[in-house]
Amino acid sequence: MVHQGVFRGPSDLHLHSDHSDGTESPARVMAAAHRAGLGTAALTDHDTTSGWAEAAEAAVSLGMTFLPGMELSARYEWRSVHVLAYLFDADDAALRVLTDRIRSSRLTRAREMADRIGRDYDLTWDDILSQTAVGATVGRPHLADALVAKGHVRDRGEAFAGILHPGSDYYVDLYAPDPVTAVAAVADAGGVPIIAHPAGRAGLLPSRVIDEMLDVGLAGFELGHRENVEPALSRLRQLCAQRDLIVTGSSDYHGAGKPNQPGEFTTTDEMVARIISGATGGAPVFPS
Ligand code: AMP
Ligand code: FE
Ligand code: FE
Ligand code: ZN
């Protein structure tokens with residue numbers, strides 16, 4: 001039986017599985033969330049919803065509430081912007097066109113980067129495929145894992161600091177919509193859009209872009225995230241208070257792919273309730 005509207009904290013609303021660049025299956029991610037003492041967890045793989053069913057089943061069998069989510073790729077000028085999307089309609093046609101286009105561009109781009117790297121290092125496309133689950137959203141982390149497996153670097157961090165860095169000759173851009181388009185697509189699909197790690201070292205987006213995103217339905221910001229830094233964080237905290245926006249905190253768990261651990265940042269019950277009540281495209285899956 002489904003219990004409407006009942007969820008339990010603590011809540012971590014940003015976790016990745018091997019359906020994108022996490023290293024564990026959705027069920028294992030939910031098990032890790034459960035071990036960390038979480039009562040509610042979201043799966044937010046990059047540009048895909050394919051892990052939802054497995055994660056939902058695992059979460060509720062462990063007595064947790066599951067919040068379906070996604071981290072949608074966007075770009076403003078040279079910098080990547082990640083839009084967390086919660087409780088949207090996964091069958092929304094326009095959003096599907098967008099995520100299909102991003103994922104297919106990611107594949108082309110990964111092949112091109114692998115070709116370029118392969119000119120200087122012992123690395124083939126098969127090496128990347130063997131690090132990528134079938135159907136997963138491919139990204140630089142899979143290239144990093146292949147470079148680690150081949151002994152060219154020690155870990156993902158070293159790969160990102162060098163061979164995979166945007167300033168490297170091996171780097172190729174992926175197609176990603178501008179942040180206003182991405183936020184609008186999530187809102188139009190009945191979802192709740194929240195900007196992920198919005199106060200990283202690249203600094204804040206221009207306030208004009210933030211205003212435009214708010215105009216098309218941006219609901220809030222992920223202020224609790226290990227990559228956020230001052231002074232950008234305090235400025236955003238002020239903005240969220242002034243405009244009564246949703247504020248979340250989450251781990252951005254990637255399994256063994258990053259040091260981030262489930263529950264290292266969490267979202268308050270009040271904010272989770274606002275996300276649930278603000279969505280028209282979907283609902284959480286509650287434990288029976
Ligand atoms: P991509 O979207 O393919 O360009 O790859 C970006 C992804 O790589 C992000 O989603 C991060 O999770 C991951 N990432 C970025 N920097 C690092 C790092 N230093 N170590 C591990 N993963 C990283
Ligand atoms: Fe990632
Ligand atoms: Fe991200
Ligand atoms: Zn993420």
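## Ligand contacts

A polar contact is a pair of N or O atoms within 3.5 Å; within protein, one must be able to donate a hydrogen and the other to accept it, and residues adjacent in sequence count only if both atoms are side-chain atoms. For His46, the distance from a side-chain N or O atom to an oxygen atom of ligand 1 is 2.9 Å. The protein covers 79% of the 500 Å² of accessible area that ligand 1 has on its own. Those areas come from the Shrake-Rupley method with a 1.4 Å probe; for residues, only the protein chains shown count as cover.

This is a predicted model, in which local features need pLDDT of at least 70, side-chain atom pairs count only at pLDDT 80 or more, and totals for chains, interfaces and linings use all residues. Residues are numbered from 1 along each chain as its sequence is written, chains are lettered from A and ligands numbered from 1 in the order in which they are written, and side-chain values use heavy atoms, with hydrogens and water left out.

## The shell around the ligand

Which residues come nearest to ligand 1? Of the 14 around it, they are His46, Arg106, Arg109, Arg140 and His254. A residue is near a molecule or strand if one of its heavy atoms lies within 4 Å of it. The shell holds two nonpolar, six polar and six charged residues. Here Ala, Val, Leu, Ile, Met, Phe, Trp, Tyr, Cys and Pro count as nonpolar, Asp, Glu, Lys and Arg as charged, and the others, Gly among them, as polar.

The largest share of the shell, three residues, comes from α6. Helices (H or I, at least four residues) and strands (E, at least two) are DSSP runs, numbered from the N terminus.

## His46

His46 lies in the loop between β2 (40–43) and α2. At 8% relative accessibility, His46 counts as buried. Buried means under 20% relative accessible area, exposed over 50%, partly exposed in between (1.4 Å probe, protein chains only). The side chain of His46 also makes a polar contact of 3.2 Å with that of Asp21.

## Helix α9

Helix α9 spans residues 232–243, twelve in number. From first C-alpha to last it reaches 17 Å, close to the 16 Å expected at 1.5 Å a residue. The expected span is 1.5 Å times one less than the number of residues.

Ala232, Leu233, Leu236, Leu239 and Cys240 of α9 are buried. They cover an arc of only 120 degrees around the axis, which puts them on the same side of α9. The arc is that of the directions from the helix axis to the C-beta atoms. On the other side of α9, Arg235, Ala241 and Gln242 are exposed. An α-helix has 3.6 residues a turn, so residues three or four places apart point the same way.

## Backbone features

Gly9 and Pro10 are joined by a cis peptide bond, with omega about -10 degrees. Pro10 sits in the segment before β1 (11–12). Another cis peptide bond joins Glu230 and Pro231, with omega about 5 degrees. Pro231 is in the loop between β6 (220–224) and α9.

Glu77 has a positive phi, near 50 degrees, and is not a glycine. Its loop runs between β3 and β4 (79–86). Glu77 is exposed, at 57% relative accessible area. Asp252, also not a glycine, has a positive phi near 65 degrees. Asp252 is in the loop between β7 (246–249) and α10 (269–278). Is Asp252 buried or exposed? Asp252 is buried, at 2% relative accessible area.

## Across the chain

Met64 lies in the loop between α2 (52–61) and β3 (65–76). Met64 is buried, at 0% relative accessible area. Met64 and Ser11 are 53 residues apart in sequence, and their C-alpha atoms are 9.6 Å apart.

Tyr76 is in strand β3 and counts as buried at 15% relative accessibility. Tyr76 and Leu205 are 129 residues apart in sequence and 8.1 Å apart in space, C-alpha to C-alpha. Val148, in helix α5, is partly exposed at 29%. Its C-alpha is separated by 33 Å from that of Glu230, 82 residues apart along the chain.
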